[in-house]
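Take a look at the sequence and the structure below.

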Amino acid sequence: SSNSRRLDTVACTVCQGLTTCTALNGYQIQETYYPNNLNYLQTCKVIDDLGARLEPLIFGDGRTFRDTTQCRIVMQYLCLFYGSDNTMYVNECVNQEDVKDPNPANHKVAPRPPCKSFCVQTAQLCANDPDYFIQTCNEIACPPVEDQCTPDPIISGETLAANLGCTVPYYDNPYFNAAS
């Protein structure tokens with residue numbers, strides 16, 4: 001079997017209206033369920049439904065992640081992983097991006113999988129057993145090719161630029177702000 005990807009044109013649709021996998025809204029996803037009717041946004045909905053079913057199972061005491069507002073970055077992490085083109089999931093829309101329009105809002109781009117730095121931030125901030133979860137992060141190639149992954153989560157509408165690069169483990173909490 002070959003590891004090469006097809007370069008054929010695939011049906012791509014832009015996700016919108018997702019409520020759990022909001023990190024995918026505005027990104028183009030390969031439509032695998034209804035490639036002849038892109039209005040259904042079915043692949044986007046399937047990923048959103050998967051996130052909604054998974055969310056109550058992974059947060060809280062005795063579960064994988066802490067149940068805090070900030071730890072919803074875990075859903076960003078998972079949804080970006082499910083919606084991107086990576087070693088486990090296929091989104092060949094990454095090969096059909098269109099950024100010609102002068103207005104970035106009209107660019108058609110595919111989501112990028114989380115970088116090692118995103119994984120480390122998720123582990124340190126949210127994992128109930130961060131040392132175990134860091135092992136997952138160690139499996140992510142680093143350094144990535146520029147723009148091939150998503151380096152940082154977004155909290156309250158702002159990208160947390162922790163500038164971790166390939167540093168693992170990460171013991172400082174960039175989310176902590178001392179009271180002024």
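## Ser84 and Asn86

The side chains of Ser84 and Asn86 are joined by a polar contact of 3.0 Å. A polar contact here is a pair of N or O atoms within 3.5 Å; within protein, one must be able to donate a hydrogen and the other to accept it, and residues adjacent in sequence count only if both atoms are side-chain atoms. Ser84 sits in the loop between H2 and H3, and Asn86 lies in the loop between H2 and H3 as well. Helices (H or I, at least four residues) and strands (E, at least two) are DSSP runs, numbered from the N terminus.

Are these two residues buried or exposed? Ser84 counts as buried at 0% relative accessibility, and Asn86 counts as buried at 11%. The cut-offs are under 20% relative accessible area for buried, over 50% for exposed and partly exposed in between (1.4 Å probe, protein chains only). The side chain of Ser84 also reaches the backbone oxygen of Phe81, at 3.3 Å. Leaving aside neighbours within four places in sequence, Ser84 is in contact (heavy atoms within 4.5 Å) with Tyr89, Val90, Asn91, Pro111, Arg112 and Pro113.

## About the model

This is a predicted model, where local features need pLDDT of at least 70, side-chain atom pairs count only at pLDDT 80 or more, and totals for chains, interfaces and linings use all residues. Residues are numbered from 1 along each chain as its sequence is written, and side-chain values use heavy atoms, with hydrogens and water left out.

## Disulfides

How many disulfides are there? With a disulfide taken as a pair of cysteine sulfur atoms within 2.5 Å, the count comes to six. One of them joins Cys12 to Cys93, with an S to S distance of 2.1 Å. The torsion about the S-S bond of Cys12 and Cys93 is about -110°, so this disulfide is left-handed. Cys12 lies in strand S1 (residues 12-14) and Cys93 in the loop between helix H2 (73-83) and H3, so the pair ties together parts 81 residues apart in sequence. Both Cys12 and Cys93 are buried.

Another disulfide is formed by Cys15 and Cys44, whose sulfur atoms are 2.0 Å apart. The link of Cys15 and Cys44 is left-handed, with -90° about the S-S bond. This pair links distant parts of the chain, 29 residues apart: Cys15 is in the loop between S1 and strand S2 (28-30), and Cys44 is in helix H1 (residues 42-58). Cys15 is buried, with a relative accessible area of 1%, and Cys44 counts as buried at 0% relative accessibility.

## Helices H3 and H4

Two packed helices are described by the angle between their axes and the distance between the axes. For helix H3 (residues 116-126) and helix H4 (residues 130-138), the axes come within 9 Å and cross at roughly 170°. That makes H3 roughly antiparallel to H4. Axes are lines fitted to C-alpha atoms, for helices over the stretch in contact, and angles run from 0 to 180 degrees between N-to-C directions; angles over 145 degrees count as roughly antiparallel, under 35 as roughly parallel, 65 to 115 as roughly perpendicular and the rest as oblique.

A disulfide joins Cys119 to Cys137, S to S 2.2 Å. Cys119 lies in helix H3 and Cys137 in helix H4, so the pair ties together parts that are 18 residues apart in sequence. Cys119 counts as buried at 0% relative accessibility, and Cys137 counts as buried at 0%.
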